[in-house]
Each structure stands twice: as structure tokens, then as C-alpha cells.
Amino acid sequence: MVTASSLLKFALAAIAVALSAAPVTAFGERCSGTRALLDAVPPAEVPGVCEAASWAESELGLCSLLALKPYTIRFAADIRDDYGSCVFGRFRPNPDVAFILGRSATEKLITSIPDDEPMSVLRSLPVDDLHRSLIVHEVAHAIVHQNLRVSPCHAIHEYIAAVAQLSALPPHARATYLARFAGEDVFTSEMFNDLVEAMNPARFAAAAYRHFNRPGNGCNFVRRLLADPGTVPRVP
Ligand SMILES: [Zn+2]
């Protein structure tokens, strides 16, 4: 006979199974050779996340941007921006935490992007490549925060994070991304401002990658972004 108490026991057992079915890293597990600490990352994904963090630290290190102190990579099932919209990741400083959607949540969010949104270009990338690049993007925010010597703005943060993210993609995936914005992503330095970034962040990212890779820009421009307040226009 099914009694209320046996139903309760069954429900509690089901909850216990559900909780144990998705183990995640304890807070503070370290990616060796990096400043990254992990939180809520499924054990099977730890090697990939640590590889992405290590790659990001090395890549930014090429421009002498070093992770100066520990930062946390925390997986989450739902991340919102200031307006309540779902986003793939978000960096919050002091303590430095890079929130990133787990792989399945990332896949779900991609499919919800309307076709006419420029950001729908992400659907044409292999999910594993995209997810790795998103980790690199948020780690780049942590490193930029730790090296920024002028007041922060979205344009500075997103320029460097976008260059790191697109550099992290395999060549064919990066070519697919850039092809989506061909002919509309050639920016002068003044065009990298918060307003332009907010209007079309996907195109801003393509433009940043192209701008960074033009002769005379590269690490020189990144160093100016971090130290000279007049490098990009500030939007009030
Ligand atoms: Zn960003």
C-alpha cells in the first residue's frame, strides 16, 4: 500500500539521486599552472575548462597582460545581464568571478536566438568550440580587470575579450564568424565605444578582431587601451 510516508520517502530518495547525478567541483579547486579556481564545474569538464583558462592566460600574456591574482570560473545554469536578459557569461570583480553557462545551457541559449539577430551567427559554430571560446572570453575579462589602469568601460573590456575569444576559435569556425560581418566590420579606433558595442556586440567583436590584427595595432593598441584614457571615446 502506498502511504503518505512511503511517498515522502520515495520523493526524498528521488531528490537525493537527482542531486548526486550531477556532481560538480567543490569551490576552490585549482587549475594547475594558472590563477583559475573552479566552482560548480562538472568533473568531466574540468580538463577542458582548465585548458581554456591556461590558453587564455598564455594568449593575453603575449601582450604582457598577466593574471595578477586568483579568479574563479563558476558554471551557472542561468546568467542575466543588467536588464534581465539571458547571457552566455558575465564577469563580476572583487572577488573576481567569471560566471559561465554550462555546455547544455549554452546550447539551449543559442537555439533561442532569433534568426534575424546578428548574434545568431553563434549557431553556425560547433558548440564545443563556442563553449571553449566563451570561457576564454570571461577569463579575458578577469585579466583585463586586473591590469586596467584607466576607469573601466564596456568598449575596452569587450574589445580585448572579443579578440581573445575569436582567436580561441579553430580557423574554420573563426572564418565562418567573420564572414557573417564581411564588409561591415572595418572600424576606426573611434568606433570602439560603448554605444556601438551595445547596438551590435556580435559585429563589434568581429571588428575588434580585424582591427587588432591590422599592422600597427595588436598589443600596442591593447596596452594603450589599458593605460591611456583617451584611446577610445567615452560615452556618457
Ligand atoms: Zn564580455
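**Entry 1: overall make-up**

I looked up the secondary structure and found nine helices and five strands in the chain. Read from the N terminus, the order of the elements is α-β-β-α-β-β-β-α-α-α-α-α-α-α. The chain has 236 residues, and 33% of them count as buried. I then checked the contacts between residues at least 6 apart in sequence, of which 64% join residues at least 24 apart.

**Entry 2: confidence**

I noted an average pLDDT of 91 for the chain, with 89% of the residues at 70 or above. Which helix has the lowest confidence, and which the highest? Helix α1, residues 4-21, is the lowest with a mean of 47, while helix α4, residues 127-147, is the highest at 98. Over residues 12-21 the pLDDT stays under 50, and there I found zero contacts beyond four places in sequence. Where pLDDT is low, predicted coordinates should not be read in detail, and I left that stretch there.

**Entry 3: the loop between β4 and β5**

I went to the loop that lies between β4 (89-92) and β5 (97-101), where Pro95 sits. The peptide bond joining Asn94 and Pro95 is cis, with omega about 0°. Asn94 is in this loop as well, and its phi is positive, near 55°, though the residue is not glycine. I noted for comparison that most peptide bonds are trans and that most residues other than glycine have a negative phi. Is Asn94 buried or exposed? I counted 6 other C-beta atoms within 10 Å, so Asn94 is exposed.

**Entry 4: Ser64**

I looked up Ser64 next, another residue that is not a glycine but has a positive phi, here about 65°. Ser64 belongs to the loop between α2 (46-61) and β3 (71-76). Ser64 counts as exposed because 11 C-beta neighbours lie inside 10 Å.

**Entry 5: helices α5 and α8**

I checked how helix α5 (residues 154-168) packs with helix α8 (residues 201-212): the angle is about 80° and the axes are 8 Å apart. The cut-off for roughly perpendicular is 65 to 115 degrees, so α5 and α8 are roughly perpendicular to each other. On the α5 side, the contact is made by Glu158, Tyr159, Ala162, Val163, Gln165 and Leu166. On the α8 side I listed Pro201, Phe204, Ala205, Ala208, Tyr209 and Phe212. I sorted the residues of this contact into ten nonpolar, one polar and one charged.

Conventions:
Residues numbered from 1 in each chain as written. Predicted model: local features only at pLDDT ≥ 70, side-chain atom pairs only at ≥ 80, totals over all residues. pLDDT = per-residue confidence, 0-100. Helix = DSSP H or I, 4+ residues; strand = E, 2+ residues; numbered from the N terminus. Contact = placed C-beta atoms within 7 Å. Axes fitted to C-alpha atoms, helices over the stretch in contact; angles between N-to-C directions. Parallel < 35°, antiparallel > 145°, perpendicular 65-115°, else oblique. Nonpolar A, V, L, I, M, F, W, Y, C, P; charged D, E, K, R; others polar. Buried ≥ 20, exposed ≤ 12 C-beta atoms within 10 Å, placed from the backbone.
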